[in-house]
Amino acid sequence: MPAETDNQNTPKTLRAAIATLGCKVNQCESEGIMEELTVRGVKIVPFGQTADIYIINTCTVTRKTDYQSRQFIHRATRRNPKAEVIVTGCYAQRAPAEIYAIAGVRSVFGNTEKELIPQFAAKAKSVQEGVLVRDIRKEKSITGPWSNTFSDHTRAFLKIQDGCDAFCSYCIIPYTRGSSRSLPAEKVMEKLLSLAAHGYREVVLAGIHLGIWGHDLHPSKDIVSLLKRIADQHPVERIRLSSIEPHEISQEMISLLKGSDVFCRHLHIPLQNGSDKILKMMRRNYSTAFFRDLVMRLYETIPEIALGTDVMAGFPGETDGDFAETAALLEELPIAYLHAFPFSIRPGTSATTMEQQIPENVKKDRVKRLREIGNAKRREFAERFIGQRMEILIEKRFDKETGFPIGLSDNYIPIAVYGDDFKANSIVSVIPESFNGERLIAKSWIS
């Protein structure tokens with residue numbers, strides 16, 4: 001379909017809006033799509049505005065994210081019934097026919113087909129409308145799109161790994177992201193240098209199963225070898241790791257994190273449950289004793305490290321006693337925050353057909369309790385740093401209560417700061433004075 005023209009018979013600039021659900025890898029890929037569209041002359045607008053093209057980059061980790069994805073599709077078709085609505089991401093990979101049947105959806109792209117979206121959306125004729133979703137388990141190499149610009153973020157995200165081979169009993173992601181595929185080390189370093197050249201001072205290394213980066217390369221590598229190279233070459237000021245599995249954090253990695261100032265003092269380590277019985281049913285290959293020992297070794301080696309975790313409530317067969325074990329473990333450990341969520345049935349996973357499914361009201365109550373523990377942990381960790389000098393990276397957001405700019409410490413504490421005019425992407429020294437329930441409030445430090 002040719003682009004519309006204005007009254008002077010000049011081509012109308014196409015407007016595109018994109019909504020992103022789910023993980024940091026999805027965020028990376030959405031930014032890459034936007035960058036490619038911009039290069040092709042398409043104007044990016046907020047999703048709430050009228051656009052010619054709407055792209056919904058979906059998540060399918062829970063029923064709730066499926067629902068949210070459909071809501072974005074409906075919002076797009078209501079805003080502009082004539083718009084081209086393109087749906088991609090994990091929900092699109094899992095159920096392309098279901099999505100294509102939604103009124104107004106023009107095209108459905110699988111996860112490895114995302115890199116084709118910009119040329120299609122900009123009216124390239126090489127891609128037809130309809131469903132373009134291949135068997136992702138057959139993919140052998142990592143694909144883009146990647147980006148050098150992150151419109152709403154001071155920090156950059158770099159996808160260095162995709163896919164998962166773990167097949168936890170509750171998780172659909174191996175079926176929607178495929179087998180583990182890694183970005184070679186040379187490419188990682190090139191992209192880090194490019195992001196630094198574009199002004200980014202912190203880069204988050206992202207992956208679906210980050211800790212097995214390099215296992216598929218020839219010859220095989222491990223993530224510690226990559227981190228050593230980053231530490232030696234120091235391509236950007238700060239490197240942060242996204243979620244990494246407990247058994248993939250070696251003592252060598254811990255020593256490296258402690259010994260190099262390029263790595264942020266922050267790790268997100270999924271626990272999922274505090275009952276060994278439930279961990280076994282989940283097909284998680286560690287015990288609560290292993291997790292406890294890992295957290296304590298990290299905390300003792302790097303006392304100021306922020307350790308976050310994910311916890312699922314209401315897995316099939318989880319008794320009140322099992323849940324009590326989870327709550328007790330979380331209260332015991334020196335974690336900085338946690339993400340709590342209920343078990344969600346995902347068709348195609350073995351947990352879906354397990355007996356003793358937990359009622360929704362019980363799941364809700366357990367998640368509420370976990371979030372109460374998480375809020376207390378977040379406050380306890382943040383208040384440890386009141387009165388201490390800290391370095392924060394000023395972001396492109398402001399505290400709603402005070403209007404102060406917000407910065408992020410390397411150990412993942414959001415801090416609203418006053419005392420000077422701060423520019424986004426600057427690193428400043430501050431001294432926290434109080435905690436307002438959401439973040440620390442600090443004054444800029446002047447020597």
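Predicted model: local features only at pLDDT ≥ 70, side-chain atom pairs only at ≥ 80, totals over all residues.
Colleague: Let me start with Glu-29: does it count as buried or exposed?
Modeller: Glu-29 lies in helix H1. A residue is called buried when its relative accessible area is under 20%. The value for Glu-29 is 1%, so this residue counts as buried.

Colleague: Which residues does Glu-29 touch, leaving aside those up to four places away in sequence?
Modeller: One of its contacts is Pro-145, a residue placed in the loop between E6 and E7.

Colleague: Staying with Pro-145, what kind of peptide bond joins it to Gly-144?
Modeller: As background, most peptide bonds are trans. For the bond between Gly-144 and Pro-145, omega is about 5°. That bond is cis.

Colleague: And what is omega for the cis peptide bond between His-218 and Pro-219?
Modeller: Pro-219 sits in the loop between E9 and H8. The bond that joins His-218 to Pro-219 is cis, with an omega of about 0°.

Colleague: Now the open sheet of six strands: which strands stand at its edges?
Modeller: The strand order is E2-E1-E3-E4-E5-E6, with parallel pairing. An edge strand has a single partner, so one of its sides is left without a neighbour in the sheet. The strands in that position are E2 (43-44) and E6 (130-132).

Colleague: Which residue of E2 is the bridge partner of Ala-16?
Modeller: Strand E1 covers residues 15-20 and pairs with E2 in the parallel sense over two bridges. Within that pairing, the E2 partner of Ala-16 is Ile-44.

Colleague: Which strands does helix H2 lie across?
Modeller: Let me begin with H1 (residues 24-39), which lies across E1, E2 and E3 (53-58) and runs at about 175° to E1. Helix H2 (residues 63-79) runs at about 175° to E3. The strands that H2 lies across are E1, E3, E4 (84-89) and E5 (105-109).

Colleague: Moving on to E7, how many of its residues are buried?
Modeller: Strand E7 spans residues 156-162. It is largely enclosed by the rest of the structure, because the buried count is seven of seven.

Colleague: Which strand pairs with E7 in the antiparallel sense?
Modeller: E7 is joined to E9 (residues 202-207) by five bridges, and those two run parallel; there, Phe-157 has Val-204 as its bridge partner. In the antiparallel pairing, made over two bridges, Gln-161 is partnered by Ser-182. That antiparallel partner strand is E8 (residues 181-182).

Colleague: Which residues of E9 point the other way from Glu-202, Val-204 and Ala-206?
Modeller: In a regular strand the side chains alternate between the two faces of the sheet. Six of the six residues of E9 are buried, so this strand is largely enclosed by the rest of the structure. Opposite in direction to Glu-202, Val-204 and Ala-206 are Val-203, Leu-205 and Gly-207.

Colleague: Which residue of E10 is the bridge partner of Val-204?
Modeller: E9 pairs with E10 (residues 238-241) in the parallel sense, over four bridges. Together with H8, these two strands make a right-handed β-α-β unit. The E10 partner of Val-204 is Arg-240.

Colleague: How far apart are the axes of H7 and H8?
Modeller: Two packed helices are described by the angle between their axes and the distance between the axes. Helix H7 (residues 185-197) and helix H8 (residues 223-233) pack at an angle of about 40°, and their crossing is right-handed. Their axes are 11 Å apart.

Colleague: Which residues of H8 make the contact with H7, and how do the contact residues divide?
Modeller: H7 contributes Ala-185, Glu-186, Val-188, Met-189 and Leu-192, while H8 contributes Leu-226, Arg-229, Ile-230 and Gln-233. The residues of this contact divide into six nonpolar, one polar and two charged.

Colleague: Last one: what is the phi of His-234, and is this residue buried or partly exposed?
Modeller: Most residues other than glycine have a negative phi. His-234, in the loop between H8 and E10, has a positive phi of about 50° although it is not a glycine. With 35% relative accessibility, His-234 counts as partly exposed.

Key: Residues numbered from 1 in each chain as written. Heavy atoms only, no water. Axes fitted to C-alpha atoms, helices over the stretch in contact; angles between N-to-C directions. Left-handed = near helix turned anticlockwise from the far one by under 90°. Contact = heavy atoms within 4.5 Å. Nonpolar A, V, L, I, M, F, W, Y, C, P; charged D, E, K, R; others polar. Pairing = 2+ DSSP bridges. Buried < 20%, exposed > 50% of the residue type's maximum accessible area, 1.4 Å probe, protein only. Right-handed = clockwise from strand over helix to strand, strands pointing away.
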